[in-house]
Amino acid sequence: MSSDEDDLDLNDDTTSQLDNATDDGDVMDIEDPLPSARSSPAPQQELMDTNTSHRQRLCLCISPDARICRSYDCVPHVAAIHPNPIYSLAATRCYRWIFTGSDDGYVRKWDFFASMNGKLLLTQAQRHQHVESVSMAGVLSSWWEHEEHPEPVAKIEPVDSTGEESAGTQAVQGPLLEPKASPVYSMDVHAEALWMVLGCDNGSINLVTVRHEEGKCRNVLRHHKGPVSVLKITPSETGVISGSWDRTVAEWDLHTGTIVRSYQGHNSQIASVAFQPIYTPYVPTNTSKDTQDKSVLDTTDNPDSAQPTDPSLIWDQKNPDILLTTSVDGQCLLWDRREPSNDARKLGVPERTPPWCLSACWSTDGTKIYAGRRNGTVDEYDYASQKHIQTFRMPSNSGPVSYVSSMPNGKHLICASNDNVRLWDTSLDSAFTIRPGVEQEFVKPSKTPSVIPFIILPGHHGGVISHIYVDPTCQYMITTSGNRGWEGSSTNACLFYDISPVV
């Protein structure tokens, strides 16, 4: 492991002051270890007090314009250079640190705001393969090798030192095998980067520390028999959901390191896991523009007098009870964690649709589900009835849709296929929209206006998109390219975008 920022506090003036409260509730003044971050375009934040401790929770909110805008302007500015396909991506909640896992077996930690501030520029040769707006390079803070730790092999030894068989035998732990590097198939990180979980090729899950003794493995969770392709920390951050190539999904208790529930029902490798979002409708008010432009409410010198933020502007809250899991064979299953004895509800695959799915996501209000397909389409489902509503067809020769992600205005969807990444307006009726007919056959709309329901986002072209992350304030986006160990080519590109709502 190598690092040029030892013992760097995650929560500086740019992000939060979660750990700087004294016993009497006052906040201590500390020196910012990274002065360049003070002028970074970090989202404004609010410190909310809790009743259980003096620690104040970071609260990130989106701009009201992002909830009611008619479109988004997404422009890439930074390219984080990788030598190999990128299999996994994770970020702290404030987007201070970005983590990527690659096929070469290394975890890389990037300073997001230093990268967006232009601390490091791309060379002319590096800029040649990107669009014109990409001129800055990702600032690599540290990295470490991701090693899988084989399970110790037990050996049989005689109880008696003489070695006689009549003395009996006992099982003792044999010598530990040497760890080896493993591709980082999946990862997820604690909201404040205290620790993270990493999926290994042999089916184990490494729990490593990040804030202190970076990259050191503290515990190994063993259950899966194949590569761990999906890891998702629960909203309470006391457990983790894991999915593997062995077709199983498991829920872990991180306090004990044991499995509390197994989700059986998939017939293929697990591709994605997502919790249902918690939605609060936004009602515009007749306040001044200066007040609406604030991402969070102002706080006074007394933290106890701070008013809670409008819940409709908190976009990244999740419902811990409802879970969506998908597998490569196209199965999309809905689980209610409150009813462990009930089977999952299935989303049927439409006719003439190949059984394939690498990514599925919820709509912003949690009432719809979108699933990307191999034939270049995205299927829309109703959550309550589990019925197929309509299909969005990409232009011909676009390739499989490898990733989908919804936007906070409730009508835009990011669809990533082999040729391009598109921002799709699902509210428009066009020739690219297909609805199931009465006899379960696909029929095009009776009126097909000559309108294009999508815009192409610059940046990626000609590779499988492995991940798309939008930050809780909807000001930044990160996209990565990699096949995650499955089929498809990769451009090894990791791009940082700036998002602006178009009102």
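Over the ring of which residue does the charged end of R422 sit? The charged end of R422 sits over the ring of F454, 5.2 Å from its centre; for this assignment, NZ of Lys or CZ of Arg has to be within 6 Å of the ring centre and within 35 degrees of the ring normal. A further case is R96, with its charged end over the ring of W97 and 4.4 Å from the ring centre.

The model is predicted, so that local features need pLDDT of at least 70 and side-chain atom pairs count only at pLDDT 80 or more, while totals for chains, interfaces and linings use all residues. Residues are numbered from 1 along each chain as its sequence is written, and side-chain values use heavy atoms, with hydrogens and water left out.

Aromatic pairs were assigned to rings of Phe, Tyr and Trp (its six-membered ring) with centres within 6.5 Å; planes under 30 degrees apart count as stacked, over 60 as edge-to-face and the rest as tilted. The count by this rule is 15 aromatic pairs. Helices (H or I, at least four residues) and strands (E, at least two) are DSSP runs, numbered from the N terminus. W245 is partly exposed at a relative accessible area of 21%, whereas W486 is buried at 14%; buried means under 20% relative accessible area, exposed over 50%, and partly exposed in between (1.4 Å probe, protein chains only). One aromatic cluster is formed by Y95, F112, F113, Y476 and F496.

An open sheet of 4 strands has the order β22-β23-β24-β25 with antiparallel pairing; two strands pair if DSSP finds at least two bridges between them. β22 (270–277) and β25 (345–347) stand at the edges with a single partner strand each, so one side of each has no neighbour in the sheet. Within this sheet, β23 (residues 318–327) and β24 (residues 332–336) are joined by 5 bridges, and T326 has C332 in β24 as its bridge partner.

Q129 is placed in the loop between α3 (124–127) and β8 (136–137) and is exposed, with a relative accessible area of 59%. The C-alpha atoms of Q129 and T491 are separated by 9.9 Å, although the residues are 362 apart along the chain.

The structure holds 3 cavities of 30 Å³ or more. A cavity is a set of points on a 1 Å grid over the protein atoms alone where a 1.4 Å probe fits but cannot get out, and lining residues have an atom within 4 Å of a point. Grid points are joined across faces, edges and corners, and a volume is the space filled by probe spheres set on the points. The largest cavity has about 60 Å³ of space, and its lining includes R67, P277, Y279, W315 and T364.

Key: 1 Å grid on protein atoms, 1.4 Å probe; cavity = no way out; pocket = protein on both sides within 12 Å on 5 of 7 lines; lining within 4 Å.
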